[in-house]
Amino acid sequence: MANSIPLQDPKSRFGFQPGADRKLIRWPDMILYFQDLANQSDRMTIDHLGTVSGGHPFIMLTISSPANLQNIDHLRAIQKRLADPRTLTEEESSRLTEEGRAVVLLTCSIHATEVGSTQMSPELVHELLTSDDEETHRILDNVILLLVPCLNPWGMDLVDRWYTETLNTHAEGTAPPELYHPYTGHDNNRDWFMLTQIENQIAVDKIHNVWHPHIVFDQHQMMKDGPRYVLPPFVDPYDPNVDPILQAQIAQLGTAMAAELTAAGKQGVATQIIFDAYSPSRAYQHYHGGVRILSEAASCRIASPISLGQDRLNDSRGFDPRERRANNPLPWSGGSWRLRDIVEYNKASAVACLRNAAAYRRQWVQNFVRVQRNSVETRSPYAWIIPEQQEDPGTLADLIEVLQRGLVEVEKATGPFDSGGVKYPAGTRVIRMGQPFGRFAKTLLEIQHYPDLRDEPESLTNPPYDITAHSLPLYLGLEAVEATDPFEASLEPLVAEDLVTPAGVLTGPTEHGMVIDPRHNRSIVAVNRLLDAGASIYRTTSEFTDASITWPAGTFVLEIPDASLLRSVAAETGVPIRGLNWSPNIPMQRLRKPRIGLYRSWLSNAMDEGWTRFILEQYEFDFATIRDQEIRQGGLHRSYDVILLPHQSADDILLGNSTMEYPAKYAGGIGERGATNLRRFAESGGTLITIDGASEVALRHLYLPIINPLELLTEQEFYAPGAMLQMLVDPRHPIGYGYEREVAGLVTGRHAFSPISEEEVNQVARYPANNQLLSGWIVGTEHIRGAAGLIDIPVEDGRAILFGFRPQFRAQTRGTYRLLFNALYYASLG
C-alpha cells in the first residue's frame, strides 16, 4: 500500500537513535519494526525465509520502487534467464538488459559481536522508505535491494543478552564467553562452499541462487586500533577462477564507495589492505556472476565507546593507519569512537553502493551477462571426471551435494567412454566446465597453486588472509580426474533419484557374525547406533578374506547379531552389513562405547570446539562437555575414557579469559592444576587426544619422549597457512584402521613430532621425505621430512594421541574424519 501515514522513525520506535552509546536494539523488536514498515509502505516487502539456530526467524527485506515490487516475479525471472546465456540471443540479451534492474544484496552482522551493521539497518530502511528526493527515487527505480538485517540471529540475541547483563560491570563491552554461533563462532563466514550451517544454506538456497545478485555488500567489523573503515580493492592474490570483469568491478565499486566516504569527511577510510579474494570459503558470489564488497569498520566495545589517540593505532600486515597514502588519503586523527560512528560509516557506504548500482544499472546487468558468457564458453579444462566407484561412496555424495547446491550441473555417463587413454564405465560422474557456474566447480575440484608473493625468500610481507588449499577431492579423499581435452560420451543429467543414499541392506548368513566396512564415514553412525543398542562389536587387528572379499584391519565384526536390529540400522544409515561365511581366525578387540569428554573453553574464539561438537553430533557420538572447573577439580578417569582437546593455543587453554575482564566463573583456564590433572588422567588409564595447537599442552605437561621440530622456527622458516600435505598412515595401527597408506591432511599450524625414543612412540602418520605439498602453499618443507603428523604415545597405564594437523577442519576435511573417530574408539578397545 502507499505511504498514506508517516512511517515511524527508529528513534521514536525504540526510544533512542540507532548506535547510541551503551544501547542495542533487540533483534525481536527489530523484526516487529520491519514487519510494521512493510505493512505500511509500498516500497518494501518482508520475507521469512526459514527458521535457523535457536528457533529464530531468518528474514529478508526487498526494497525497490512500487512498480518494481509489483513486477518482482518478472524481474527475478530476468536474472534467472540472464544467468544461463547458452540459448540467449543477442536480441533477447539486449532487451532483458534494458528491462533488468541492478540487484544488490546487503548482508549484516554475520559475526554477532560486529553489531554495527544490524543496528544501522532500521535507519537505512526508514530513509529509503520515506525520502522523496530525486536520488532516492533513482535508487528505487533502478535497484532491487535485498537486505538481510542479520545473518546470525542466534548470535545477535546472545550478544545482546550478554551486553545487557554486563553493563556497569568490569565485563562491559566484552565478547560473550562462548561462541557467537552455536557451532562455528567466527568461522560462519568460512562456510560458503561446504554450506554446513542452516543460516548459510538458507542464504544461498533462497537468496543467492534465486536472485543471482550483481553486488553482494557484506558489512563487518575489525580490530579497534587500525583504520576506521576498509573497502576493496582487495590485495593480491585473487583466485584465478574469479572472472577479470568481476575483479575490475570490485576495484571500481570499492574505490568509488571509499571516495564518497572520504568526500563526506569520514576519516580513516582505507582500501587495498589486509584482505585478499583467494578462498571461496568467503565469496560464494565470485563464482556466480557477482562481486563481493567487504567492508570492515573499526570496532568499539560492542555498544560502549572507546577513546584512542592516533599514537595508539597499530600496523597490520604492513599497513600503518597513521600514514597518509594513496589508499588512506585521510587518516583518522584519533579520539572517541562509538557505535554511532560505525552506524554512520556503514549507512554512508551502503548508500554509496546503491548510488553506484543505480547510476550504472545497465553496466552491472550487461557485465553479469558477459561474465556468464565467459563461463559457458570455457573450453579448458573440458571437464572433471569423478569415478563412481570410490573408497567411500558417502564422501562422493557429499561432493555432488556441494556442487549441485552451488548450481553446478553434474552428469553421469550412460555408457562406457574413453578420456585421455583411460576407459571409464557407465555411471561415471562428469562435470563439464562450459556451464553457467562451472568456475565454482573448477575452484573446488582443482589443485591450488598459491602464488609466493614474498618480496624476498626470508620475508613474509603478504600472508594469506585465509587458507591456501580448498581442493575437495583432497579434502574428501576422492579420486577426480581433470580432462583437458574434449571427449565423446553419452551423458545425462544427474537427477534426484541418483542422489538418494541407497538403503543399506543385510546380506549373507548370520551365524558366523556380520561385518561393517571401516572405510566408510557413514559406518561410524551405524556402529554408534549399534553400541547404543547394546550390540557386541569387535575390531579385527589384521586384514582377512571371506568369500573372495578382503576386509581391512579394523573391520567391525558383530557377534551373535540381532537381525532385526541390524536390518533397521542398515536401512536408516544406508550402510550395508554383510554376513560372514566363516568365523575369522584372527585376533579381534572388543569395542565398547567410549565415555568421551569434549573440552570447551570459555573463550569466544574456540571455534574448533564448535566444529568438533557439530561433527560428533552428526556422527552420533555421545559425549559430555568438560569445562575448566571440572578439569581443575580432577578425578577425570572416573567419568571419562577419553578427553578431547580441540585446536586452541596452549596459553588460551591454560590461562583462559582474564579476570580483569570476565567474572571468575568464566576466567582462568584450566591452569597448571588442570594440566597436572590431565597428566594424571592419562597415567590412570585414560586417553588424551589433542588437535594441533592443543598438542602444546601435552608437549609441555605430559613429559612425552618427543619434540616439536617446528617449535623454534620463525614464520620465515616454516609457514603452512592451510596447506594440504601428503601423509603416510600406518593402516595396521588402530587409529589408521580403514585407510590406505597415503592420506592428504590439512595443516594450518606448526606442530609436528619427532621421537626422542622410537621404542616408546607409535608414528601413526608421518610426512614423507619429499613431495609433501599437495595443494596450497608451504614454506620450509625440509623441516618436516620424516616427522610425524599424528602420534600415539603410552603414558603409564594410558596414552596421549597428538594430531599436528586438523582432521575435522570446519567440517570440510571429511577424508580424515575417521582418524579422529578411530582415536576415540581406540580409547575403549579391549
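The model is predicted: local features need pLDDT of at least 70, side-chain atom pairs count only at pLDDT 80 or more, and totals for chains, interfaces and linings use all residues. Residues are numbered from 1 along each chain as its sequence is written, and side-chain values use heavy atoms, with hydrogens and water left out.

**Second largest pocket**

- A pocket is an open set of points on a 1 Å grid over the protein atoms alone, with protein on both sides within 12 Å along at least five of seven lines.
- Grid points are joined across faces, edges and corners, and a volume is the space filled by probe spheres set on the points.
- The second largest pocket holds about 960 Å³ of space.
- Its lining has 29 residues, and M607, H647, T748, R806 and R810 are the closest to its centre.
- A lining residue has an atom within 4 Å of a point.
- Helix α19 (residues 607-618) gives the most to this lining, with 3 residues.
- Helices (H or I, at least four residues) and strands (E, at least two) are DSSP runs, numbered from the N terminus.
- By class, the lining of the second largest pocket splits into 11 nonpolar, 8 polar and 10 charged residues.
- Nonpolar means Ala, Val, Leu, Ile, Met, Phe, Trp, Tyr, Cys and Pro; charged means Asp, Glu, Lys and Arg; the others, Gly among them, count as polar.

**Cavities**

- A cavity is a set of grid points where a 1.4 Å probe fits but cannot get out.
- There are 8 cavities of 30 Å³ or more.
- The largest cavity has a volume of about 110 Å³.
- It is lined by 13 residues, with W192, D218, R282, Q285 and R292 nearest its centre.
- The lining of the largest cavity has 6 nonpolar, 4 polar and 3 charged residues.

**Strand pairing around β17**

- Two strands pair if DSSP finds at least two bridges between them.
- Strand β17 (residues 429-432) runs antiparallel to strand β13 (residues 383-386), joined by 4 bridges.
- R429 in β17 is the bridge partner of I386.
- β17 also pairs with strand β14 (residues 411-413) in the antiparallel sense, over 2 bridges.
- Here K412 stands opposite R429.

**Six-stranded sheet**

- An open sheet of 6 strands has the order β20-β26-β21-β25-β22-β27, with mixed pairing.
- β20 (506-507) and β27 (588-591) are at the edges, each with a single partner strand, so one side of each has no neighbour in the sheet.
- The partner strand β22 (residues 536-540) runs antiparallel to β27, with 4 bridges.
- I537 stands opposite L591 in β27.

**Helix packing**

- The axes of helix α17 (residues 522-532) and helix α24 (residues 817-826) come within 12 Å and cross at roughly 20°.
- That makes α17 roughly parallel to α24, a term for angles under 35 degrees.
- Axes are lines fitted to C-alpha atoms, for helices over the stretch in contact, and angles run from 0 to 180 degrees between N-to-C directions.
- The crossing of α17 and α24 is left-handed, that is, the near helix is turned anticlockwise from the far one by less than a right angle.

**Backbone geometry**

- P232 and P233 are joined by a cis peptide bond, with omega about 15°.
- P233 lies in the loop between β6 (229-231) and β7 (235-238).
- The peptide bond from D236 to P237 is also cis, with omega near 5°.
- P237 is in strand β7.
- L407, a residue other than glycine, has a positive phi, near 70°.
- L407 sits in the loop between α13 (393-405) and β14.

Note on methods
Parallel < 35°, antiparallel > 145°, perpendicular 65-115°, else oblique.
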